[in-house]
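Dear colleague,

Please find the structure below, handed over to you together with some notes. I would be glad if you read the notes with the coordinates open beside them.

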Amino acid sequence: SQGRYADELFKGIQNSDSGVRCDSLKQLAGVSTDVTFAQEFISRDGHTLLVHIVENGSETPVIMAHTLKGFMELMDHGIVSWENLSTVFIRKIAAYVNSKAVDASLQQLSLAILESMVQSSSSLFLQVKQEVTLERLIAHLQVTNQQIQTKAMALLIALLQTAGEADRKEMFDFLGKINLRLYIYKNIIHSSAAVGDEMAHYLYVLQSVTLNLLEARMRTPLDSYSQEQRDILHSLRQAAFEMDTESSLSNERRRSLCAKEFKKLGFSNNSNPGLDLNRTPPGLLALDTMAYFSSRYPDAYSRFVLENSSREDKHECPFARSSIQLTQILCEILRIGEPSSETGQDYHPIFFAQDRLLEELFCICIQLLNKTWKEMRATQEDFDKVMQVVREQITRTLSSKPTSLELFKNKVNALNYSEILKLRQTERLHQEETLAPPVLELKERLKPELLELIRQQRLNRLCHGTLFRKISSRRRQDKLWYCRLSPNHKVLHYGDVEEETDTPPIETLQEKIPVADIKALLTGKDCPHMKERSSGRQNREVLDLAFSITYDVEENNLNFIASSRTDFCLWTDGLNVLLGRDMTSECMRSELEILLSMEIKLRLLDLENIPIPDTAPPLPKPPSNYNFCYDFSQAEQ
């Protein structure tokens, strides 16, 4: 039983022979994952025995590693509180982390134990923070051993998440000074080994906790009584429109000039632009990003504002309104203000490559927004559409995990509006599963049946007949004539009719052309009645509607000019069917696509939310005999 086994190991750990102690501790480390055993061992005060071994510190590294592993497994069950541990024990564990000449497995286990301590209580957090320096943790991030890197990062994240506001700010200030992100970028993201799932989670949490430092600014509206914030607003105006004579103007003229310039900057409330920044989010973050762009890239800022000031009002891309919306979009994409997920791994390598990521991304994306605005030929009414496209451009580019700001800039600018439209179309087709190989194969199988349906419709249309106009050489539309196919599809009947005629009976049409005598179908310029026409606009329109049939041995012609493009397509398709040729009109292609799409959707209704494999499953081999078949003929007798 587990109780007897717990007794054996408890005695073995206290044996004077180091070999027996080592074996017992090794077995303990393996079996401590079982909660029943853990309860039995802890009830015998076994965990206290392990604590004493660590406090004495006289065992070999191998025995100590088994001790720490067993202790860690026992404590993970939550039967005993971490707060009962002595200061001596904590210092011993911290010493393994702080020392350079310690076995790697010992350091790894010690880091894991300290992480659990920090997460368990605020008093242990203070003790661990005092014993383990941040410099030492960063030194562990620079080693090549991935397990030690991961455990060091886990402890660092635990310290940051458990710390109060003041402690966290102090720690972030220190980590910023020693450039933590650069160590991560060089030694983890750009290491030869791939980033593991656990490390990816810690990088995601560090990114989330750091970006959430901006949450306070994001949730704070502009204070119209703050002189500092008003000065920043006016610095945006002055950077775009430098005016030396402003000081000599009267107050009223200056206010009028300011309002005019704030309007050019794209503020909705040009007399009191601070009202535009009352919306939270993005609150003061929008002011910060605009000020950063104007001071960091003054040429690009001036170019944006002046270029749009010179456009028509409706085609102007409003800088301030766009900046406020873009800042909010970046906050949503970077998830500023959202608590970090317990399982999230979606970190951005670019975050560790760049200080002030939000501001630098804004500077690239506001210029991208101006470019996309021009590509879309947008007006003020299209503002929301442009912002949707820009959001998509940013999201798609970040999902490709660019490792530097330059790479992000190149990729996002290459993803122009036309590329976005192509991607949307492709994704829509994939979503409808119309591009899956089995669906494409099904389409090909359905085509002959649907083409036959279109052929029948064309022939039925010819049997019904159509009214045509005769156009004389004087361009006077004077006479009407009617043409229709006989019900047996063997003869074309035609003849002149009166203005009011709807569908004349086939007997009233005196002229006939047997279908067997038709030699060719001509269209456009090839038609005899079109050859001498000039190239004017009206004639070009007629040219697109003209077709002729050549018939009998003498190659006589019957010339048509359809009243619409639809009639032209119906008749040319129908005549091609009569001649045994393929239909070629754009109407046929469009109708075939619609019919195929409808048929495919109907057939796939029962497969909704069921993934369609690219290849058919393999056919099983035939059975060795067919003796299992039931012979119905004998049963009937």
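Helix H27 is mostly covered, with 12 of its 14 residues buried (buried means under 20% relative accessible area, exposed over 50% and partly exposed in between, with a 1.4 Å probe and protein chains only; helices are DSSP runs of H or I with at least four residues, strands are runs of E with at least two, and both are numbered from the N terminus). Please keep in mind that this is a predicted model, in which local features need pLDDT of at least 70 and side-chain atom pairs count only at pLDDT 80 or more, while totals for chains, interfaces and linings use all residues. Residues are numbered from 1 along each chain as its sequence is written, and side-chain values use heavy atoms, with hydrogens and water left out.

Among the buried residues of H27 are Phe568, Leu570, Trp571 and Leu575, but also Asp567 and Asp573. From its first C-alpha to its last, H27 reaches 20 Å, close to the 20 Å expected at 1.5 Å a residue (the expected span is 1.5 Å times one less than the number of residues). The helix, residues 565-578, lies across E5, E6 and E7 and runs at about 25 degrees to E6; contact here means heavy atoms within 4.5 Å, and axes are lines fitted to C-alpha atoms, for helices over the stretch in contact, with angles from 0 to 180 degrees between N-to-C directions. After H27 comes Gly580, whose phi is positive, near 75 degrees.

The three strands form an open antiparallel sheet in the order E5-E6-E7 (two strands pair if DSSP finds at least two bridges between them). Its edge strands, each pairing on one side only, are E5 (518-523) and E7 (556-561). E6 is joined to E5 by 5 bridges and to E7 by 6 bridges. Ile549 of E6 stands opposite Leu521, and its bridge partner in E7 is Leu558. Since 6 of the 6 residues of E6 are buried, this strand is largely enclosed by the rest of the structure; Ala546, Ser548 and Thr550 point one way from E6, whereas Phe547, Ile549 and Tyr551 point the other way. E6 and E7 form a hairpin with 4 residues between them, and Asp552 in the turn has a positive phi of about 45 degrees.

Glu115, in helix H7 (residues 104-120), is buried yet has no salt bridge, and the nearest side chain of opposite charge, Lys151, is 5.2 Å away.

Cis peptide bonds join Thr280 to Pro281, with omega about -15 degrees, and Pro281 to Pro282, with omega about 15 degrees. Pro281 is placed in the loop between H16 (251-264) and H17 (284-296).

Lys401 has a positive phi of about 55 degrees although it is not a glycine, and at 32% relative accessibility it counts as partly exposed. His489, also not a glycine, has a positive phi of about 65 degrees.

With best regards

Definitions and conventions:
Lys, Arg positive; Asp, Glu negative; His and termini not counted. Salt bridge = Lys/Arg side-chain N within 4 Å of Asp/Glu carboxyl O.
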